Amino acid sequence: MISVINISKRFGKTDALTDVSFDVNNGEIVGLLGENGAGKSTLLRIISTMLSPTSGTAIVNGYNVIENPKDVRKNVGILFGSEVGLYERLTARENIEYFARLNGMNKKQCDDRVNYLIERFSFADYADKQVGSFSKGMKQKIAIARSIVHDPSVMLFDEPDSGLDFRAARTVFDFMEACKKEGKSIIFSSHSMESIKNYSDRMVVIHKGHIVKCFDVKSYREQYTEREINDILFNLVCDGDENV
Amino acid sequence: MKMFRQALIIFLKELKCIVRDKKTFIFGLLLPLMLVPSMLFIVDFSTKNMQGQVMENVNVAMDNKDNSLYNFLNAQDVITIIDVDDFQKALDSGTISAYIKVSKDIDERVIKKENFDLEVKYNESSINSVMALTTVSQYENAYRYLIANYDFKTVDNLRESIAIKIDLSQAEEGLPKIDTSSLYFSMLVPMMLILYCCMGSAGTAADVSAGEKERGTLEPLLSTGASRSSIVIGKLLATTSMGVVSGLFTVLGLWGYLLISSSSNMPNISAFDMISLILVTVFISMFFASLNLMIGVYSKSYKEAQTYLMPVSIMCSVPTFFTYALDVSHIGILELCVPVLNMICIVKEILSGAVNLIHLGIVILWLLFYVCVSLFVTLRMFKKESVVFRI
């Protein structure tokens with residue numbers, strides 16, 4: 001469960017986020033849609049405690065991002081799209097082990113968890129090879145495994161399909177669906193309308209740091225055609241200022 | 001305790017990455033091991049070569065030929081005394097390498113065991129002339145040695161007896177030798193050591209800090225349970241290790257060269273001096289590692305880090321030139337308190353075999369102080385969003 005409460009973030013004279021609030025329930029995927037620079041990544045960085053909000057806060061599984069950042073990090077897994085963020089000179093196994101150890105696992109827990117993840121994501125064949133020579137899809141699988149090595153109940157996906165081919169992107173979205181079935185709370189940011197429409201339960205449209213629309217995707221699909229939804233989203237983002 | 005455990009995990013991971021990188025191995029370990037011996041070999045070889053050329057023949061002129069010094073020098077195969085009208089022109093044109101001016105009554109003074117005037121003029125802008133001065137000085141010393149140790153009854157007896165050929169290589173130990181290689185040694189080695197302690201950790205510092213930002217691995221790392229302090233300490237340990245190893249390989253290369261070198265020009269370094277040198281190298285490396293990491297943490301990308309780190313390396317070698325003519329017996333507290341200059345002073349002191357333990361202690365304390373300041377600043381920066389994310 002994630003509660004984003006009146007979060008604002010200012011970088012110098014620029015307001016990156018202004019009074020952003022929404023909730024994410026367990027087993028729910030909330031899609032953050034917005035243009036580049038809309039504030040999506042900033043919000044995910046605040047929820048994962050990498051950045052501090054200028055005002056407001058977020059509560060993750062009962063832990064406040066300002067008061068209990070370490071507890072929040074124990075509950076959050078984050079996956080980046082364009083940059084998988086793997087150490088190229090380490091093997092796939094070592095990359096995952098490194099993050100497991102940093103998340104406080106002992107040797108035995110670490111070995112068990114890493115072996116489980118290697119099996120779950122089917123990369124036993126190349127688990128002990130250095131990741132420098134891997135394809136983007138292979139790297140993405142390892143990045144996914146790494147993001148859930150500490151079994152977080154909240155998952156944040158920052159433009160997970162960015163720069164991926166359809167097969168690698170599908171791996172990510174299948175994983176996201178699996179997380180949902182496991183009851184995890186998920187926030188997924190993207191500037192792709194299609195991805196957000198297809199995979200989120202609720203959509204939060206963010207423009208220039210403001211939430212311009214928050215709606216249930218299923219009910220929208222029942223009311224409007226695909227084309228109409230696209231037009232609504234396009235107008236929200238392009239004329240966002242008028243809708244604030 | 002948890003912080004140090006996490007720092008250790010980060011340190012071991014960074015070490016693994018360093019060891020697996022061939023470029024780091026070559027530039028951080030192999031190059032310092034080979035560079036100092038190679039440079040010393042070239043300097044030693046070229047010095048010997050120049051000395052050899054000068055030892056074969058030195059053209060000199062004298063203002064007064066009717067004396068025992070002329071007879072002595074004329075008896076030497078190496079020295080050719082030639083007549084010139086204008087000695088300054090002859091020196092400038094290279095016709096002669098040195099011009100010797102002596103008292104007209106030199107022989108009478110020698111008989112009476114009195115002092116006499118002897119002046120050797122040379123062309124300061126000519127390497128040949130400078131080297132010839134060494135040879136002439138050695139023969140002058142040999143002459144002085146003979147007149148001081150033998151009794152000559154008359155001027156004729158002096159002029160006749162002293163016209164003997166001297167083999168400088170077999171001359172008595174009392175004859176002083178001008179040692180040019182040791183001058184290069186005392187300048188080159190501190191510079192190379194300081195440079196390699198600095199550059200050895202520069203690449204690693206840029207890679208583990210700015211490189212991590214650039215590759216997108218920093219954000220996943222920040223989202224783990226590791227505290228920012230443990231991340232900085234782990235990275236500092238890795239950077240320091242690389243700097244220490246690079247510095248020690250420089251010392252090892254130097255030691256190896258001294259062991260195998262047959263050159264009499266190279267100074268002897270005792271085991272105690274070598275241990276002091278290793279100790280100082282470790283602390284110097286720690287200082288540069290912390291400084292380099294601070295710069296790396298501030299930088300947005302690996303390239304930007306390199307842009308800042310390169311001038312730092314060059315600036316570190318500048319004080320070496322100021323200390324070129326430094327007399328190690330006159331190192332004061334002021335020199336021991338100025339960053340980098342104090343490192344060079346203590347290295348020179350160790351290499352000259354005159355290590356002062358109080359000086360060593362002062363420099364090590366300063367180095368520890370610099371490390372603490374750099375670490376403090378790095379930790380502060382690493383906790384600032386504007387630095388980590390360069391927003």
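The model is predicted: local features need pLDDT of at least 70 and side-chain atom pairs count only at pLDDT 80 or more, while totals for chains, interfaces and linings use all residues. Residues are numbered from 1 along each chain as its sequence is written, chains are lettered from A and ligands numbered from 1 in the order in which they are written.

**Helix pairs**

Two packed helices are described by the angle between their axes and the distance between the axes. Here axes are lines fitted to C-alpha atoms, for helices over the stretch in contact, and angles run from 0 to 180 degrees between N-to-C directions. Helices (H or I, at least four residues) and strands (E, at least two) are DSSP runs, numbered from the N terminus.

| Helix pair | Axes come within | Crossing angle |
|---|---|---|
| α12 (271–298) and α15 (341–351) of chain B | 9 Å | roughly 165 degrees |
| α3 (92–102) and α4 (107–120) of chain A | 10 Å | roughly 135 degrees |

The crossing of α12(B) with α15(B) is left-handed, a term used if the near helix is turned anticlockwise from the far one by less than a right angle, with right-handed meaning clockwise. Residues are in contact if their C-beta atoms, placed from the backbone, lie within 7 Å. On α12(B) the contact involves B:D273, B:S276, B:L277, B:V280 and B:I284, and on α15(B) it involves B:M343, B:I346, B:V347 and B:I350. By class these are 7 nonpolar, 1 polar and 1 charged; Ala, Val, Leu, Ile, Met, Phe, Trp, Tyr, Cys and Pro count as nonpolar, Asp, Glu, Lys and Arg as charged, and the others, Gly among them, as polar.

In chain A, α3(A) and α4(A) are oblique to each other, and their crossing is right-handed. Helix α3(A) contributes A:R93, A:I96, A:E97, A:A100 and A:R101 to the contact, and α4(A) contributes A:C110, A:R113, A:V114, A:L117 and A:I118. This contact has 6 nonpolar and 4 charged residues, with no polar ones.

**Strands**

Two strands pair if DSSP finds at least two bridges between them. In chain B, an open sheet of 4 strands has the order β2-β1-β3-β4, with mixed pairing. Strands β2 (79–81) and β4 (118–122) of chain B stand at the edges with a single partner strand each, so one side of each lacks a neighbour in the sheet. From one strand to the next, the twist averages 30 degrees. β1(B), residues 58–62, pairs with β2(B) in the parallel sense over 3 bridges, and B:N59 stands opposite B:T80 in β2(B). Helix α6(B), residues 127–149, packs on the sheet and touches β1, β2, β3 (98–102) and β4 of chain B; the direction of α6(B) makes about 160 degrees with that of β4(B).

In chain A, strands β1 (2–11) and β2 (14–24) run antiparallel and are joined by 7 bridges. They form a hairpin with 2 residues between them, and A:G12 in the turn has a positive phi of about 65 degrees. A:V4 stands opposite A:F22 in β2(A).

**Domains and chain contact**

An automatic or database domain assignment gives the domain bounds: chain B is divided into domain 1 (2–46 + 180–388) and domain 2 (57–170). Taken over C-alpha atoms, 49 Å separate the centres of these domains of chain B.

Between the chains, 19 residues of chain B are in contact with 23 residues of chain A.

How values were computed:
Contact = placed C-beta atoms within 7 Å. Parallel < 35°, antiparallel > 145°, perpendicular 65-115°, else oblique.
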